[in-house]
Structures are given as structure tokens and as C-alpha cells.
Amino acid sequence: MEASSGEVKQTSSRADRLSLDSNCSLVMKRVTAEDVGLYTCRRSGSDPYDVNVYLSVFTVFPTLTRSDPWGTSEPTLECSLLRYRGLSSCQPNSLRWVNETGAVITDGVTESSRDADCFSDLNVTHQISNNGKFSCQSVNEENNVEIQADYTPFQPGTRCKTTAKADIVLLVDESGSIYPEEFRTILSCIADIVGMFDIGPDRVQIGLTLYSFEPRTQWHLNAHRTKESLMNDVNKLQQIGGGTQTGRALTHILENDFQPNVGMREDSRKIVILFTDGQAQDDVIMPSQNLRDNGIELYAIGEIF
């Protein structure tokens with residue numbers, strides 16, 4: 001039960017993201033893969049008046065380019081349509097790619113499926129021109145487009161460079177609610193972040209901690225002196241799964257990662273970038289305030305899937 005008698009049930013795991021509008025429609029903010037499913041609107045507990053709605057999530061994102069994650073070569077694009085598990089299996093050619101002219105792309109396209117979920121990968125390097133817009137379309141049996149998502153590759157030469165002196169800790173949620181392809185999205189985002197900075201002991205230092213039930217520091221701020229070394233370790237990251245103890249993880253990085261003996265510099269700007277897919281299972285208010293009290297900025301990248 002998500003809502004009843006005009007009110008959202010506070011026992012719902014997504015209560016903080018749900019509301020009811022004036023005509024009793026259910027409003028959901030920050031939709032993620034865990035929200036995919038069957039939703040039923042029921043009038044006064046009477047089954048004959050049930051109305052079912054299937055919520056799906058449709059995304060296009062670049063997957064991590066292992067050989068040169070921060071280089072100018074374009075990555076593979078993954079298009080995914082996540083659907084309610086009770087629906088029929090994904091049909092062949094239900095996802096298709098088109099270029100900026102509207103022409104259908106077939107070269108470099110690989111399809112796959114998992115239960116009712118549909119996936120299609122596009123190798124951008126196979127395309128004659130990879131500077132334009134690529135669109136993934138979900139089409140029905142009549143070949144009509146039901147939904148479309150666009151992606152424009154990053155243009156070489158426009159990447160920001162900075163000589164800022166900063167200590168950045170990436171705090172990455174690896175809980176079980178994150179699908180493996182979603183974890184790859186996080187790694188791709190990390191590659192973009194790394195690519196924007198000049199990495200070094202007198203420039204930007206980046207540490208990384210994974211967390212679910214227990215936080216696990218993968219490397220400290222002073223572990224990597226070059227961008228290449230840093231990305232080699234990013235490529236080795238493995239997801240374990242578990243719960244979402246975000247508050248515990250925030251306390252962990254304050255006590256273990258933002259310390260002078262592991263590379264934190266007194267004159268640097270201190271930043272936490274948190275990647276998470278859902279609501280924390282513990283208190284985050286006090287740990288967040290403790291970080292701010294110590295001069296550490298906290299930025300959360302949530303619901304990026």
C-alpha cells in the first residue's frame with residue numbers, strides 16, 4: 001500500500017518521494033529502477049474498479065570505456081527499457097537506434113534482454129560521423145515510436161581543465177538495489193569526473209569508498225599521483241551488494257578518509273561526492289552536519305539511472 005484515504009502511507013519505503021495531487025493522482029519524484037512495476041488504483045476497496053498502470057524506466061547512457069575512459073574516443077551507448085517482471089519477454093527489434101538525420105542505425109548494434117527488460121548497445125566508433133545526436137527509440141508491434149531518449153557525444157576540446165587544489169572523496173553506494181548495469185553507469189560518471197581534473201599531489205586528489213552495510217575504503221586521497229593510476233583502480237571496482245547505510249558511510253569517510261595521515265591537505269578544498277540510488281536505511285542528518293562542521297562540502301548524485 002503506497003497511499004490510502006488521501007494520504008501517502010509513511011510505512012512505504014518511498015514515502016519521501018510520493019505525494020497525492022488534488023485529484024488523487026499519485027506523484028512520484030526521482031524515479032529509479034527500483035520503482036519499476038505494476039501500480040493499481042483501487043476505488044474504496046472494490047476490485048471491479050481497479051485500474052492498473054505499468055511503470056517502466058527508459059534510459060540511454062555511455063558505458064565505461066576501459067582502455068581510455070577520459071579520452072576523446074566515444075564510448076558504447078547502452079539503451080535500456082526496464083519493465084514490470086510480469087510482462088512478456090522483450091521482443092526482438094523493440095529498441096532501435098537512429099542518427100541525427102532520422103536514419104535507422106544497424107551497424108554496431110547489439111541487442112540483449114533479461115526477463116521483461118530490453119537492452120540495446122550502440123558502438124559509436126562504428127559510425128561514419130560520431131559527433132551528432134544518437135537516439136534510442138522504443139517501438140511497438142506497429143513500428144510506432146512510443147518513447148525516445150537522446151544522447152549527444154561529448155565534443156573533443158571542450159573538457160574543463162582546472163588547476164584547483166582539492167581533496168575529493170567519492171562515496172559510492174554498492175547496495176543490492178543497484179543493477180550491475182547501473183553500477184557501470186556510476187563508473188562511467190566517475191570516469192568523467194576524473195577526466196575533468198589535473199590529478200596530482202599538488203592539484204586534485206581523489207579517494208574512493210564503497211558502501212552498503214559496511215563502508216570499504218578502496219583507496220585514500222594520496223594513493224594515486226596520476227590520472228592513469230587512478231583509473232586503473234576504478235576499472236577494478238567490484239560491487240558486493242547489501243543494504244544502504246549511508247549515514248554510517250559518511251561517518252566512516254570523516255574519520256578515516258579526511259585525515260592528514262592519508263593525504264588530506266589543510267589548504268585544499270574538501271569535497272564529498274555521494275552516488276546513491278535510494279533512501280538511506282539509517283540517519284544521515286547528523287553525519288552530514290558533522291562533515292559540514294569540518295569544512296567538507298557534500299554533493300549527492302542520486303537517481304542517476
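**View A. Thr246 and Tyr211 meet through their side chains.** A polar contact of 2.8 Å joins the two side chains; the term covers a pair of N or O atoms within 3.5 Å, where, within protein, one must be able to donate a hydrogen and the other to accept it, and residues adjacent in sequence count only if both atoms are side-chain atoms. This is a predicted model, so local features need pLDDT of at least 70 and side-chain atom pairs count only at pLDDT 80 or more, while totals for chains, interfaces and linings use all residues. Residues are numbered from 1 along each chain as its sequence is written, and side-chain values use heavy atoms, with hydrogens and water left out. Thr246 belongs to helix H3, residues 246-256 (helices, H or I, are DSSP runs of at least four residues, and strands, E, of at least two, numbered from the N terminus). With a relative accessible area of 4%, Thr246 is buried (buried is under 20%, exposed over 50%, partly exposed in between, using a 1.4 Å probe and protein chains only). Leaving aside residues up to four places away in sequence, Thr246 touches Tyr211, Leu274, Ala280, Asp282 and Val284 (contact means heavy atoms within 4.5 Å).

**View B. Thr209 sits in strand S16, residues 204-211.** Thr209 is buried too, at 0% relative accessible area. Its side chain makes a polar contact of 2.7 Å with the side chain of Asp257. Beyond four places in sequence, the residues that Thr209 touches include Leu170, Pro215, His252 and Asp257.

**View C. Here is the 1 aromatic pair found in a search of the whole structure.** The rings of Tyr54 and Tyr84 have centres 5.6 Å apart and planes at 35°, so the pair is tilted (rings of Phe, Tyr and Trp, its six-membered ring, pair if their centres lie within 6.5 Å; planes under 30 degrees apart are stacked, over 60 edge-to-face, the rest tilted). Tyr54 lies in strand S6 (46-55) and Tyr84 in the loop between strands S8 (76-82) and S9 (95-98), so the pair ties together parts 30 residues apart in sequence. Tyr54 is partly exposed at 43%, and Tyr84 is partly exposed at 29%.

**View D. An open sheet runs in the order S10-S9-S13-S14.** Its 4 strands pair in the antiparallel sense (two strands pair if DSSP finds at least two bridges between them). S10 (104-105) and S14 (145-151) stand at the edges with a single partner strand each, so one side of each has no neighbour in the sheet. S13 (134-139) and S14 pair over 6 bridges, and Val139 has Val145 of S14 as its bridge partner.
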